[in-house]
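Visitor: I would like to learn how to read a protein model feature by feature. Could you take me through one, giving the general idea before each case?

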Amino acid sequence: MRLTTKGRFAVTAMLDIALYEADKPITLAGISERQSISLSYLEQLFSRLRKQGLVSSVRGPGGGYRIAKAHAEISVSDIITAVDEQIDATQCGGNEDCHDEGRCMTHELWASLNGKILDYLSGVSLADMVEMQKKKGAGTVHFSPRKCGSEATLAA
């Protein structure tokens, strides 16, 4: 499955802003320091996130980035797709040419998995992740993504 560091880092950086932006914009240097992500890499990611309307920039002294929408309106899949990340478990990238220029025997399985992963990530909002982080110190965190209906358990 292909979910690269680009998607993972974008989600991490967005969560960082959501957690720390209370009354002021968050600098990429601050995110870089807290999350150990290269500043130049964050600049590339935030250019894409800004173009997709997920963050807004504030210029000048005390400037940085803010989340541009309500946290509940931004899903993990929105963040991942904003940075041009593809979620794909197929070997062929969805082109159906994975076996002798045709579909492999398990293509439908992997394509179905893609759909389930996308549904799951679409059902987890930035607000959900913020809430999970706030509860993290209280032992095991349970959450139910909005669209999934199944309950996931994360060990804190």
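This is a predicted model: local features need pLDDT of at least 70, side-chain atom pairs count only at pLDDT 80 or more; totals for chains, interfaces and linings use all residues.

Visitor: Is Asp16 buried or exposed, and which residues does Asp16 touch?

Guide: Residues count as buried when their relative accessible area is under 20%. Asp16 has a relative accessible area of 1%, so Asp16 is buried. Leaving aside residues up to four places away in sequence, Asp16 touches Ile26, Ile31, Arg34 and Gln35.

Visitor: How many helices and strands does the protein hold, and what pattern do they follow along the sequence?

Guide: The protein has six helices and four strands, and along the sequence they follow the pattern α-α-α-β-β-α-α-α-β-β. Of its 156 residues, 38% count as buried; among contacts between residues at least 6 apart in sequence, 59% join residues at least 24 apart.

Visitor: How should I read the packing of two helices, and at what angle do α1 and α2 pack?

Guide: Two packed helices are described by the angle between their axes and by the distance between those axes. In this model, α1 and α2 pack at an angle of about 110°, with their axes 10 Å apart. Since angles of 65 to 115 degrees count as roughly perpendicular, α1 and α2 are therefore roughly perpendicular to each other. At this contact, Thr12, Ala13, Asp16, Ile17 and Tyr20 in α1 meet Ile31, Arg34 and Gln35 in α2. Arg34 also lies over the face of Tyr20, at 4.3 Å from the ring centre.

Visitor: Which residues of α2 are buried, and what do the buried residues of α2 pack against?

Guide: Leu28, Gly30, Ile31 and Ser32 are buried in α2, and the buried residues of α2 pack against α1, α3 and β2. After α2 comes Ser36, whose phi is positive, near 55°.

Visitor: At what angle do α1 and α3 pack, and which residues of α1 and α3 meet?

Guide: For α1 and α3 the angle is about 80°, with their axes 10 Å apart, and these two helices are therefore roughly perpendicular to each other. From α1, Thr5, Lys6, Phe9, Ala10, Ala13, Met14 and Ile17 meet Tyr41, Leu42, Leu45, Phe46, Arg48 and Leu49 in α3.

Visitor: What is the idea behind a nonpolar core, and which residues touch the most other members of the largest one?

Guide: In soluble globular proteins, nonpolar side chains tend to be buried together. The largest nonpolar core here has 32 residues, of which Met14, Ile31, Phe46, Leu49, Ile79 and Leu126 touch the most other members. At least two residues of this core are supplied by each of α1, α2 (28–35), α3 (39–51), β2 (64–67), α4 (76–82), α5 (107–122) and α6 (126–135). The largest share, seven residues, comes from α1.

Visitor: How many aromatic pairs does the structure hold?

Guide: The structure holds two aromatic pairs. Phe9 and Tyr41 form an edge-to-face pair, with 5.7 Å from centre to centre and 90° between the planes. This pair links distant parts of the chain, Phe9 being in helix α1 and Tyr41 in helix α3, 32 residues apart. Phe9 is partly exposed, with a relative accessible area of 27%, and Tyr41 also counts as partly exposed, at 24% relative accessibility. Phe46 and Tyr65 form a tilted pair, with 4.9 Å from centre to centre and 55° between the planes. Because Phe46 lies in helix α3 and Tyr65 in strand β2, this pair ties together parts that are 19 residues apart in sequence.

Visitor: Are Phe46 and Tyr65 buried or exposed, and what else does Phe46 touch?

Guide: Phe46 is buried, with a relative accessible area of 0%, and Tyr65 is buried as well, at 15%. Apart from residues up to four places away in sequence, Phe46 touches Ala13, Ile17, Leu28, Ile31, Val55 and Tyr65.

Visitor: Where is Ala82 placed, and which residues does Ala82 touch?

Guide: Ala82 has its place in helix α4 and, at 5% relative accessibility, counts as buried. With residues up to four places away in sequence not counted, Ala82 touches Arg48, Leu49, Gln52 and Leu54. The C-alpha atoms of Ala82 and Ser47 are separated by 9.9 Å, although these residues are 35 residues apart along the chain.

Conventions:
Residues are numbered from 1 along each chain as its sequence is written. Side-chain values use heavy atoms; hydrogens and water are left out. Buried means under 20% relative accessible area, exposed over 50%, partly exposed in between (1.4 Å probe, protein chains only). Contact means heavy atoms within 4.5 Å. A nonpolar core is a set of buried Ala, Val, Leu, Ile, Met, Phe, Trp, Tyr and Cys residues joined through side-chain atoms within 4.5 Å. Rings of Phe, Tyr and Trp (its six-membered ring) pair if their centres lie within 6.5 Å; planes under 30 degrees apart count as stacked, over 60 as edge-to-face and the rest as tilted. A charge sits over a ring if NZ of Lys or CZ of Arg is within 6 Å of the ring centre and within 35 degrees of the ring normal. Axes are lines fitted to C-alpha atoms, for helices over the stretch in contact, and angles run from 0 to 180 degrees between N-to-C directions. Angles under 35 degrees count as roughly parallel, over 145 as roughly antiparallel, 65 to 115 as roughly perpendicular and the rest as oblique.
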